[in-house]
Every structure is written in structure tokens, then in C-alpha cells.
Amino acid sequence: MDFLVKLAEGFIGMFNEGGETFMGLFTGIVPTLLVLITFVNAVIRMVGEERIFKLAQKTTKFSVLRYSIFPVLAVFFLTNPMAYTFGKFLPEEQKPAFYDSAVSFVHPITGLFPHANPAELFVYMGVAAGITELGLSLGPLAMRFFLVGIIVILLRGLVTEYITKRMIKRREANA
Amino acid sequence: MSEYKAVKVSKGPNGWGGPLVIHPTDKKKYVVSVTGGGIHPVAEKIAEMTGATAIDGFTSKVENDEMVCAVIDCGGTARCGVYPKMNVLTINLTATPPSGPLMQFIKEHNFVSGVKEKNIEFAEGEAPTSTAATATEGKSAQELKTEARQKVAEMNQGKTKKKANILERIGRFMGGVVNIFYQAGRETVEQVIKNILPFMAFVSCLIGIITYTGIGDLIANVISPLAGNIVGLLIVSIICAIPILSPVLGPGAVISQVVGVLVGVEIGRGNIPPSLALPALFAINPQAGCDFVPVGLTLGEAKPETIEVGVPAVLISRQFTGPIAVVIAYICSFGLYS
């Protein structure tokens, strides 16, 4: 009988532990998240899509901006997954590179701007929870994640554009 | 044969519902503008294009069965459900999804929101007839009546336009800003409930089981050697970026998120140094979006040939850029939390 009681206590204890974790996450993350996302969503609505379109199109000419500022604007203002519609501003051979670049930014952006990809927050938040557990501040990690993210998407864009162009050429040579 | 034309009204940016086809008849010939006094340009344009009459719903009463459509500017409380409930086609100038106490009556076939003037166009098969052609047609008594009514409406409109003083403009502007924030708040709460809370529950359950049962030690034995040093992280990133594996690991970033939580738990327990959090974030995620390449490219209006080339291009690129990203992040993590 004692064994059964212990088993039951152990079973429910596991979920009490989970419940506490949930409460911690809920009170620690959700309130700020709600207010922050509300604010950013309101700003996006006020700026309006058309102005973003105009601004974004200006950045597509130079490859350095095309795979840095351009996808950042796309992900920030249109969020995952509508950000990829910005590909329409680019010639065909650059579209795969833009997609690669933009999709690689939907996680690095969440440290500072969770509105851009609320369904996939825990790539960052999962790791960040450990930092919080140690009593360290999240600012440095979020900032570096964002900046390194920009370097990485630039690199991905350039590499993918190169590969795409070569593949198109090879295909044309074969045809 | 009526003198009325049909127009198609589509939703604007951030809008919802529609497109609606507005086709006035002799009985339903009033476009009612319920927009805080005056006739809104959208209502005016619909009236002009269809040949119906625009009426200010605040100053004159129109029977429901005489309205061909109602133009409103409701932020999602009462008005936007009232007209759909009364079976009147509703055009909302504010970009609102169905909401409010009457939201169950708001359907795509009777409601369209976020409408701007440019969202109104002639329905298919309806060419805009030139005014000259209409003028040469003989006018029936009915037409004369309508014309007279239109003239009266125009006169009223002139009056109301003058009335739009600075106070009213400020009021409208403030209303607009408040409305935007209200919408943004509604959207956010929905996102948090639909997307964030479920995952939070799942993660909490996972963490609860790990920390309570001691499976944590077992996982630590697997994860720490891999995620606890740069060589391990590189290996993880190379494996996750293999072109056959990456599309399988991608969907919803679920795997990245679970691994992220596991790494986080181990960082919290001190098994992984906190400075490695940055390279770890890239190591567990070189497959981001690899499952989504064709869809993403379609959203970017790419041609089928581009998609055919683009999918392998992205996957091959990841095999190189995945590990390189980890190295960059590792270099950039110097000085973090030390």
C-alpha cells in the first residue's frame, strides 16, 4: 500500500514540477510578450505595408543589402511566413537565396522581437531559460543572436545565390 | 434590364472576408454610409460606380430591405455585427476580423473589412459605361427620380463636408490610433493563446518530467559531450544540415525547440557553459525552413523552374553554411557571460 501511495505521489509530483515550470514561464514571459507584441503590431499597422514595400525595394540592388537589410525588413514587418512574399521583388535567380536568407532569420529575431515568429519562440527561449536559471541577464544573448543572425543570413544569401546561378547554368548547358 | 452595375469589393491590407459583389436593384438602391456623419469616399465611390445612391445613415433612416450594402467604420465591437445579422452586405473600412457580440453572424459572404477606395472594381462582365452613352438613353420616370435623389445626396454631402472641422478630424485621428492598438492587442492575445501557450505547456511538461525523474542526468550524458564544446556543436550542425535529413527535421521547428529546451536545462544545471548558448542556437538550427523551401518560393512568386533549382540549392548551401554559422557564433561568443 505504501508503495502505491508513493507511486501516486511521485506521479503527481512530476506534474506539479511541470506546473511550477509553466507558472514560471507564464508569469515571467507572457505579460511582457503580450505588451511588446501588441506595440510592435500596432507600429506595423501604422507604418503600413506600402511604405515598407517602397523602402524594401530600394535595398535589393546591392547584394550586401539584399541579404541583410532586405530580409530583416521582410521578417520584421511581414513576419513568418508572409515575409517570403518579398521574393517577388527579386529576379528569379535570386529568389532561392532570399528565401534561405529570410527563413534563417526567423529565429535570431525572436530574442529581441518575438512578434516575428511567435509559434517558434522556444528555439531561443528554451536555451534562454537556462541562462535565466543561472541568474544571468538575457540582453547580451538576445543582442548577439540578432547580430550574428544578420552575418549568417548574409553569408547564406551569397552562398545560395552562387549555387543557384551555377545550377541554372549547368541546366542550360545540358538542355 | 436595370441601369445598375455590379461592383466587386475586396478586402484591403490586413482585412478579412469578401470579396463581395454589390449589385443594386430598383428595390435595393441605397449605399448606406454609417461612418460618424457624412458620406465616406468609399461609399461614394460604390454609389458612383454602381449607379446606386449614397446616403448618410446617421441623418436619414433607410429600411434594411432597401440597402444594397452598408459602409461602416467599426473597430470590432457592435456595429460590425449588426448589419450582417440583418442580412445586409457590410463593408467595414477598419481592418477587423469577425469579432464582437454578434460575431457569429459575420461571414465571408456578407462582410469584408479593411476596404479602401482602390479595392472596389467592376465585377467581371461589367464594363464601365461612358456617361455619354447613358445620357443619350431615354430616361424613364424611375431614372429621373433616382437622379433627383442623387442630386439631393450630393447637396447633402457638400454640407457635411464643410462640417468636418478640426475637432472632428482630431477625434477621428485619435479614434484611428486607439483602434489600431485595440486590433493589435486582439491579434496578439490570439497569437499567444493559439501559438505560444500550447508550446509552453508542452515545454513545461517536458521540463517537469526531466527534472523530477532524474532522466536529466541521462540526457546530460548524451547532450553535454555534444553541446558542451565547440567540436560537438559542429558535429550536430553538420548532421542536422545533411540535405536528406534537413527537410525531415524542419517542420514547425519542433525538433529545434525541443533540443533548445534540453540544452537550456543543461545550461541551467551547469553542465554546459552559458557562453556556448550562442553557438548552440545555431548548431541546433541549420535545418530552419528546409522543409518549407517550395512553399516559401511560391510565396515569392517564383517560377516552377526556379523552385526545381532552388530546393537543392538551399539544401546544399546549408551543408556548408550550417557549420560555418556555428564557427562565426562561437567566435562572437567570446566575452559573453564571462
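## Parallel sheet of chain B

In this predicted model, strand β6 of chain B covers residues 90–92. β6(B) pairs with β7(B) in the parallel sense, over 3 bridges. One of the residue pairs involved is B:N92 with B:S113, its bridge partner in β7(B).

These two strands belong to an open sheet of 5 strands. The order is β4-β3-β5-β6-β7 in chain B, and the pairing is parallel. Which strands form the edges? They are β4 (53–56) and β7 (111–113) of chain B, each of which pairs on one side only. Neighbouring strands of this sheet are turned by 20 degrees against each other on average, with direction ignored.

## Antiparallel sheet of chain B

Chain B also holds an open sheet of 3 strands. Here the order is β2-β1-β8, and the pairing is antiparallel. β2 (20–22) and β8 (120–122) of chain B stand at the edges. Each has a single partner strand, so one side of each is left without a neighbour in the sheet. On average, neighbouring strands are turned by 30 degrees against each other, direction ignored.

Strand β1 of chain B spans residues 7–9. It is joined to β2(B) by 3 bridges, and the two run antiparallel. Within this pair, B:K8 stands opposite B:V21 of β2(B). A helix packs on the sheet: α1 of chain B, residues 41–50. This helix touches β1, β2 and β8 of chain B. Its direction makes about 5 degrees with that of β8(B).

## The largest cavity

How many cavities of 30 Å³ or more are there? The count comes to 2. The largest holds about 100 Å³ of space. It is lined by 14 residues, and the closest to its centre are A:S104, A:P108, A:R156, B:F282 and B:N285.

Two helices each supply at least two residues of this lining: α7 (139–174) of chain A and α10 (277–283) of chain B. α7(A) gives the most, with 5 residues. By class, the lining of the largest cavity divides into 9 nonpolar, 4 polar and 1 charged.

## The second largest cavity

The second largest cavity has a volume of about 30 Å³. Residues from chains A and B line it. From chain A come A:Y84, A:G87, A:K95, A:F98 and A:Y99. From chain B come B:G296, B:L297 and B:G300.

Which helix gives the most to this lining? It is α5(A), with 3 residues. That helix covers 95–103 of chain A, and together with α11 (293–299) of chain B, each supplies at least two residues of the lining. The lining of the second largest cavity has 4 nonpolar, 3 polar and 1 charged residues.

## A:I29 in helix α1 of chain A

A:I29 lies in helix α1 of chain A, residues 2–47. Is this residue buried or exposed? A:I29 counts as buried, because its relative accessibility is 16% and the cut-off for buried is under 20%.

What does A:I29 touch, leaving aside its neighbours within four places in sequence? It is in contact with A:G24, A:M125 and B:M200. A:I29 and A:M125 are 96 residues apart along the chain, and their C-alpha atoms are separated by 9.4 Å.

Definitions and conventions:
Residues numbered from 1 in each chain as written. Chains lettered and ligands numbered in written order. Predicted model: local features only at pLDDT ≥ 70, side-chain atom pairs only at ≥ 80, totals over all residues. Heavy atoms only, no water. Pairing = 2+ DSSP bridges. Helix = DSSP H or I, 4+ residues; strand = E, 2+ residues; numbered from the N terminus. Axes fitted to C-alpha atoms, helices over the stretch in contact; angles between N-to-C directions. 1 Å grid on protein atoms, 1.4 Å probe; cavity = no way out; pocket = protein on both sides within 12 Å on 5 of 7 lines; lining within 4 Å. Points joined across faces, edges and corners; volume = space filled by probe spheres on them. Nonpolar A, V, L, I, M, F, W, Y, C, P; charged D, E, K, R; others polar. Buried < 20%, exposed > 50% of the residue type's maximum accessible area, 1.4 Å probe, protein only. Contact = heavy atoms within 4.5 Å.
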